[in-house]
Amino acid sequence: MSLSRYVEAALQKADYERDENGVILAQVPGAAGFFAQGDNFEQARLNLRDAIEGNVLLALQLGLNIPSIGEIVIEELPGHHQHRAEPDAFGEGPRDERRG
């Protein structure tokens, strides 16, 4: 499953409405965090795309569940955890965990 296919499916389910100030609000029903706004439809849709991609990538990094969109599901494969390089105590680049 590709991220772009997931995002496109989410965008197809999105609801758009104009608020009392004329701002376009966009959200994907049933998917917490999948919402954005814009001055027009195109901007709201672009912002929503960014919000969806960002939420999915963050959820993968943190090991959180990602909402399914219809029958489309994104899951991390067992045993395929990403190792995140952490800065050392002085914030000077990745810490090599083998050195201790």
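Colleague: What are the ground rules?
Modeller: Residues are numbered from 1 along each chain as its sequence is written, and side-chain values use heavy atoms, without hydrogens and water. The model is predicted, so local features need pLDDT of at least 70 and side-chain atom pairs pLDDT 80 or more, while totals for chains, interfaces and linings use all residues.

Colleague: Why are Y6 and F34 called an edge-to-face pair?
Modeller: Rings of Phe, Tyr and Trp (its six-membered ring) pair if their centres lie within 6.5 Å; planes under 30 degrees apart are stacked, over 60 edge-to-face, the rest tilted. Y6 and F34 have 6.4 Å between centres and 90° between planes. Therefore they pair, edge-to-face.

Colleague: What makes the pair of Y16 and F41 tilted?
Modeller: Their ring centres are 4.6 Å apart and their planes meet at 55°, so the pair is tilted. Y16 lies in strand β1 and F41 in helix α2, so the pair ties together parts 25 residues apart in sequence. Helices (H or I, at least four residues) and strands (E, at least two) are DSSP runs, numbered from the N terminus.

Colleague: Why does Y16 count as partly exposed?
Modeller: Buried means under 20% relative accessible area, exposed over 50%, partly exposed in between (1.4 Å probe, protein chains only). Y16 has 24%, so Y16 is partly exposed. F41, at 38%, is partly exposed too.

Colleague: Which residues does I52 touch beyond its neighbours within four places in sequence?
Modeller: I52 is in contact (heavy atoms within 4.5 Å) with Y6, V7, A10, L11, V28 and F34.
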